[in-house]
Each structure stands twice: as structure tokens, then as C-alpha cells.
Amino acid sequence: MPPAAVLVSACLLGAPVRYHGGDAQSDSDILRRWQRQRRIVAVCPEVAGGLPTPRPPAELQGGDGVQVLRGGAAVRTRAGEDVTEAFRAGAAHAVAAARGANVRVAVLKSGSPSCAVDGIYDGTFSGRRTAGAGVTAAALRAAGVQVFDETQLAEADAALKEIDGRHD
């Protein structure tokens, strides 16, 4: 079996896809090694879901990514535009990419309404955070992918080594 792949938020790899038109490039030796090993599948769920760059900031309202996927919460911009379907489409794209490339681990951008692993903004655009996952992080978890954020690269690397059966 080929080595497991890693889905990585494209902004962490330097792609200018964040809502403000910039990136969140990580200067990580682990990411560089994975790139050399050709393990990385880069995805920006929001762009894949059809949203432009730049775009208005959006936050989850009425719940987290799990509730968005179930239809009980929404993703809206500060102006109130409902962008939920774009976020669902982006999550579906990420899951399909993961399934098609033997992805078992994902490293996602913290704080993002798509990619947050364990903390989202509370939907009031006040800068306050609350517990919960973004839409794509929730969808990937439901598909059996282990999700981490950019502060957990060592843990993601250990999980990948465990999956590959290496303990070096």
C-alpha cells in the first residue's frame, strides 16, 4: 500500500487564498519533508466551494461545523449573506480529495470557519471564540481522517508515522 497522504490547508503552504487575499504560510520542517515525499494534497475548501479571494469574513452561526453539515446552523458574512452552501460544497470537495488520495491525516488552518479543528469564532464578529470545529474539519473527521491544526504538526507527523507503521 502506498504511504498515506496528508491533506493540508493551501494557505499554510503559501497559497494566497485566505479571506483577506493573503496566506498563512508555515515555515515547518515537517511540511517541507511531506512536500519532498509528495504526500501533500493541498486544498482550500472555501475557494473549492466557489468563494472568491478576497472575500468577506464569515462565521458559523447557530452551531459548529457538525451542525452546519446537519442543516441546523449556517455560515454567514458580517453583512448577513448566507454562504453555507459554499462551505458545504468545499467540505465535500475536501472529503472527495481525501478519499481519492489515501489521505488519513489533515493539517488545517486554526480559526477558519472551514478548517478550525477545535475552536471557532462565536458568530458575532466580535473576535470571541468558542468550542467547535469548522465545516471541513467536521466533514473530514466524519470521513475517518484525523484532523490537526498548524500548531499540532508534531502530533500529525506522529499519527502519520503510526499509520505507515514506522516508529522512527
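Predicted model: local features only at pLDDT ≥ 70, side-chain atom pairs only at ≥ 80, totals over all residues.
Let's start with the strands. Four of them form an open sheet in the order S2-S1-S5-S8, with parallel pairing. Strand S2 (40–43) and strand S8 (146–149) are the edge strands, each with a single partner, so one side of each has no neighbour in the sheet. From one strand to the next, the twist averages 25 degrees.

The pairings can be followed across the sheet. S1 and S2 run parallel and share four bridges, with valine 6 opposite isoleucine 40 in S2. Four bridges also join S1 to S5, again in parallel, and here valine 8 stands opposite valine 107 in S5. Strand S5 (residues 103–108) then pairs with S8 in the parallel sense over four bridges; valine 107 has phenylalanine 148 as its bridge partner in S8.

## Strand S1 from both sides

How many of the five residues of S1 are buried? Five of the five are, so S1 is largely enclosed by the rest of the structure. The burial applies to both faces: Ala5, Leu7 and Ser9 lie on one side, Val6 and Val8 on the other, and all are buried. S1 also belongs to a right-handed β-α-β unit, together with H1 and S2.

Helix H1 (residues 29–36) lies across strand S1 (5–9), S2 and S5, and runs at about 110 degrees to S2. Helix H6 (residues 153–164) packs on the sheet too, where it touches S1, S5 and S8; its direction makes about 175 degrees with that of S5.

These two helices also meet each other. The axes of H1 and H6 come within 9 Å and cross at roughly 35 degrees. On the H1 side the contact involves Ile30, Leu31, Arg33 and Trp34, and on the H6 side Leu153, Ala154, Ala156, Asp157, Leu160 and Lys161. By type, the residues of this contact are seven nonpolar, no polar and three charged.

## Two nonpolar cores

The largest nonpolar core has 31 residues, and the ones that touch the most other members are Leu7, Val75, Leu108 and Leu140. Two or more residues each come from S1, S2, strand S3 (58–61), helix H4 (84–100), S5 and helix H5 (135–142). H4 gives the most, with six residues.

Setting aside neighbours within four places in sequence, leucine 140 is in contact with Leu7, Ala94, Val95, Ala98, Ala106, Leu108, Val145 and Val147. Apart from this core lies another, of 19 residues, including Leu31, Val107, Phe148 and Ala159.

## A buried glycine in a loop

Finally, take a look at glycine 132, in the loop between strand S7 (129–130) and H5. Is glycine 132 buried or exposed? Glycine 132 has 15% relative accessibility, and because buried means under 20%, this residue counts as buried.

Which residues does glycine 132 touch, not counting those up to four places away in sequence? They are Asp64, Val117, Asp118, Gly119 and Ile120.

Technical notes
Residues numbered from 1 in each chain as written. Heavy atoms only, no water. Pairing = 2+ DSSP bridges. Axes fitted to C-alpha atoms, helices over the stretch in contact; angles between N-to-C directions. Contact = heavy atoms within 4.5 Å. Core = buried A, V, L, I, M, F, W, Y, C linked by side-chain atoms within 4.5 Å. Buried < 20%, exposed > 50% of the residue type's maximum accessible area, 1.4 Å probe, protein only. Right-handed = clockwise from strand over helix to strand, strands pointing away. Nonpolar A, V, L, I, M, F, W, Y, C, P; charged D, E, K, R; others polar.
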